[in-house]
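Welcome, and please open the model in your viewer. We will go from stop to stop, selecting a few residues each time and looking at what is there.

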Amino acid sequence: MRDIWKAEWRLTIRQRSSYTFVFLWIFVLSLLFLLERNNPALTGYTNMTGTIANIVLYIVPLFMLVAGSFSIANEMENGQWSLLCTYPFPTIAYWVGKLCGQLTAQSAIFSLSFSLSLLVGTLLGSSLSLKWVLILYIFSISLIWFFLVIGLTIGSFSETRWQALILSVGVWFFLIMIWPTAVISVLSFVPYPMIAPLLKASLFCNPAELLRIVFVVQLDGGAVFGQSYDELISFMQTKALWVLFVGYMFIFSSIMLAFSVWKLERKKRQ
């Protein structure tokens, strides 16, 4: 697993596209931070913080889905997977090594870009609170984790990079762009008393939606969700939230790992 981790890290860092992402992140984040230089400090949930979170929510998952799925699909397409199958290595070690390598590389790329953007914003007069910066950073890194996991799962079910790209864009479009519409459409067929519980349960089916609500609540903006979420919002304002969040990350990743290993094992036997 360590060898796959190192190989994935080196491969990702050496790719030109990785440095393109660095400049893209610096450009996007710097522009967003500079929008606030003539306004009060970013300390809570405002229209501007919501805009920044939404842009991160749109961009990060798409990049991570494509990067994660291509990581495995590329080896399926060029025959490297068939070569690896000749060696006695556990499939789970292969998948976890891929995840760790991609997570390390993508987190490093984003962290560098985020730091440089903060420096640009600060030098040009933006006033940013430490709490807000830290919450936005954790929000972004969590998105990187979840959507790399989903991306690697997509790659495990793909045979070519083209197939991986189509599936990645489709999953991104469903989970990010039309998720609220899809949930509301499904709930329209449900008896009224069950709508609120199912609406809350649906949050755990989409990590992006759950992270968005956690981000808003941590910036004291939970009131925007209305009375239906009062109990959930109250819970998210306690320290127990982070225990639940870590547990959710583990369970979600384990489910994706199980599906991926099952599919990769089938491909090994073919």
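Start with the lining of the largest pocket, whose residues divide into 14 nonpolar, nine polar and five charged. Here Ala, Val, Leu, Ile, Met, Phe, Trp, Tyr, Cys and Pro count as nonpolar, Asp, Glu, Lys and Arg as charged, and the others, Gly among them, as polar. This is a predicted model, in which local features need pLDDT of at least 70 and side-chain atom pairs count only at pLDDT 80 or more, while totals for chains, interfaces and linings use all residues. Residues are numbered from 1 along each chain as its sequence is written, and side-chain values use heavy atoms, with hydrogens and water left out.

The largest pocket holds about 560 Å³ of space. To find its centre, select Glu8, Leu11, Ser71, Glu75 and Lys98, the closest to it of the 28 lining residues. Next, colour helices H1 (2-14), H2 (16-34), H3 (47-78), H4 (80-84) and H5 (91-123), the elements that each give two or more residues to this lining. H3 supplies the largest share, seven residues.

Some terms for these stops: on a 1 Å grid over the protein atoms alone, a pocket is an open set of points with protein on both sides within 12 Å along at least five of seven lines, a cavity is a set where a 1.4 Å probe fits but cannot get out, and lining residues have an atom within 4 Å of a point. Grid points are joined across faces, edges and corners, and a volume is the space filled by probe spheres set on the points. Helices (H or I, at least four residues) are DSSP runs numbered from the N terminus.

The last stops are pairs of helices. Two packed helices are described by the angle between their axes and the distance between the axes. Axes are lines fitted to C-alpha atoms over the stretch in contact, and angles run from 0 to 180 degrees between N-to-C directions; those over 145 count as roughly antiparallel. Contact means heavy atoms within 4.5 Å.

Return to H2 and H3, which pack at about 165° with their axes 11 Å apart. That makes H2 roughly antiparallel to H3. Select Phe21, Leu24, Trp25, Val28, Leu29 and Leu32 of H2 together with Met48, Ile52, Ile55, Val56, Ile59, Val60 and Phe63 of H3 to show the contact. Its residues are 13 nonpolar, no polar and no charged.

The contact includes Leu62, Leu65 and Phe70 of H3 and Leu165, Val169 and Trp172 of H7. In this contact there are 15 nonpolar, three polar and two charged residues.

Finish with H8 (residues 179-187) and H9 (residues 192-202), whose axes come within 11 Å and cross at roughly 150°. These helices are therefore roughly antiparallel to each other. Select Trp179, Val183 and Leu187 in H8, which meet Ile195, Leu198, Leu199 and Ser202 in H9. This contact has six nonpolar residues, one polar and no charged.

Technical notes: Parallel < 35°, antiparallel > 145°, perpendicular 65-115°, else oblique.
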